[in-house]
Amino acid sequence: MSYYKILGFDKEPFSSSPDPEFFYESRGREGVLTNLMIELRLRRGLSIILGDVGTGKTTLCRKLIQLLKGKEGFIYYMVLDPSYETEEIFFSSLVRNFDIKSNSLSPSASILDLKEAVERFLFRKGAEEGKIIVLVIDEAQKLNEMSLECLRVLLNYETNKFKLLQLILLGQMELHSKIITIPNFLDRISFKYALNPLDEAETRKLIEFRVKQAGYKARMHLFLEDATGDIYRYTRGYPRQIAMLCHKALKALVIKNKQVVDKTLIQEIIDEEAKAGWARTDPALLQKGNC
Ligand SMILES: Nc1ncnc2c1ncn2[C@@H]1O[C@H](COP(=O)(O)OP(=O)(O)O)[C@@H](O)[C@H]1O
Ligand SMILES: [Mg+2]
């Protein structure tokens, strides 16, 4: 039997996958989603979300895609790893992923044919049929100069009123240093946001939300308040770190046959990590009572 079933959950509450069902909408994240939806509907072109590793960019992407799924009039595609080496690979990927059909596209189509097919698709679907065409690129810090230039060209396609391609780039901070060197790109950003870690109250709410979402029905709190305070301080509010520490805490509950996650349990996990050489090295975090 899985550990989470022993504890009374239907699903694993702290899985490390970016599952939109477990997406906690802090005020900041709710605001980002609303802004992105407005930008898309107004077809303003380019939005950029920056954030450190583990702040929840991929989860946010998946949540956005889930929102789009229920809506009429959107054509969308999400790229998870945009490591395109040549223009040809870049445009072939667009043709394939947007399922662009064109008579001029034979297996030996030239780069010009591919570009034209994408352009025609944008005008046909975007301008004539009025669809909102969305390309979401995660890990966008991996885009090379050539790919950024291709995207800049695509953002030039527009009618008198709106852009034909809606582009959302999500990436680590280095994406910022890449795009500030391309002035024409920077000018085109319509919405930008930096995804920060959560604060202490949000950390607590994320934990409660995921516990509930996983089907936990008991009335008492599974994570005591002083434990969530320590979880916040140890993880600094990074959702990935929170999920990992909470997962360890629940496993420890089963192993130690305890009922609730308290401060002592969290401290034991942190101490064990320190002993194993895995813990963060900040000594202030390792002192008991001040993890
Ligand atoms: N808003 C959120 N609510 C709940 N869990 C989250 C949230 N954002 C991230 N997570 C958790 O943190 C983990 C890391 O998030 P992820 O989106 O992969 O971060 P990033 O892409 O920025 O590195 C996810 O697997 C998910 O479990
Ligand atoms: Mg990610």
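Predicted model: local features only at pLDDT ≥ 70, side-chain atom pairs only at ≥ 80, totals over all residues.
The protein chain holds 13 helices and five strands. Its C-alpha trace extends over about 65 × 40 × 35 Å along the principal axes. Of the 291 residues in the protein chain, 35% are buried. Among contacts with a separation of 6 or more, 74% are between residues 24 or more positions apart.

The five strands make up an open sheet with parallel pairing, and their order across the sheet is β2-β3-β4-β1-β5. The edges are formed by β2 (74–79) and β5 (189–195), each of which pairs on one side only. On average, and with direction ignored, neighbouring strands of the sheet are turned by 15 degrees against each other. Strand β1, which comprises residues 46–51, runs parallel to β5 and is joined to β5 by six bridges. In one of these pairings, G51 has L195 of β5 as its bridge partner.

Helix α11 covers residues 239–256 and helix α12 covers residues 263–275; the two pack with their axes 10 Å apart and at an angle of about 110 degrees. Angles of 65 to 115 degrees count as roughly perpendicular, and α11 and α12 are therefore roughly perpendicular to each other. Their crossing is right-handed. On the α11 side the contact involves L245, K248, A249 and A252, which meet L265, I266 and I269 of α12. By residue class, this contact between α11 and α12 consists of six nonpolar residues and one charged residue, with no polar residue.

Two residues other than glycine, both arginines in loops, have a positive phi value. R43 lies in the loop that runs between α2 (27–42) and β1, and its phi is near 55 degrees. A residue counts as buried if 20 or more other C-beta atoms lie within 10 Å of its own; R43 has 20 such atoms within 10 Å and is therefore buried. R236 lies in the loop between α10 (225–235) and α11, and the phi of R236 is likewise near 55 degrees. With 16 other C-beta atoms within 10 Å, R236 is partly exposed, because this class falls between the buried class and the exposed class, the latter having 12 or fewer.

Definitions and conventions:
Residues numbered from 1 in each chain as written. Chains lettered and ligands numbered in written order. Axes fitted to C-alpha atoms, helices over the stretch in contact; angles between N-to-C directions. Helix = DSSP H or I, 4+ residues; strand = E, 2+ residues; numbered from the N terminus. Parallel < 35°, antiparallel > 145°, perpendicular 65-115°, else oblique. Left-handed = near helix turned anticlockwise from the far one by under 90°. Contact = placed C-beta atoms within 7 Å. Nonpolar A, V, L, I, M, F, W, Y, C, P; charged D, E, K, R; others polar. Pairing = 2+ DSSP bridges.
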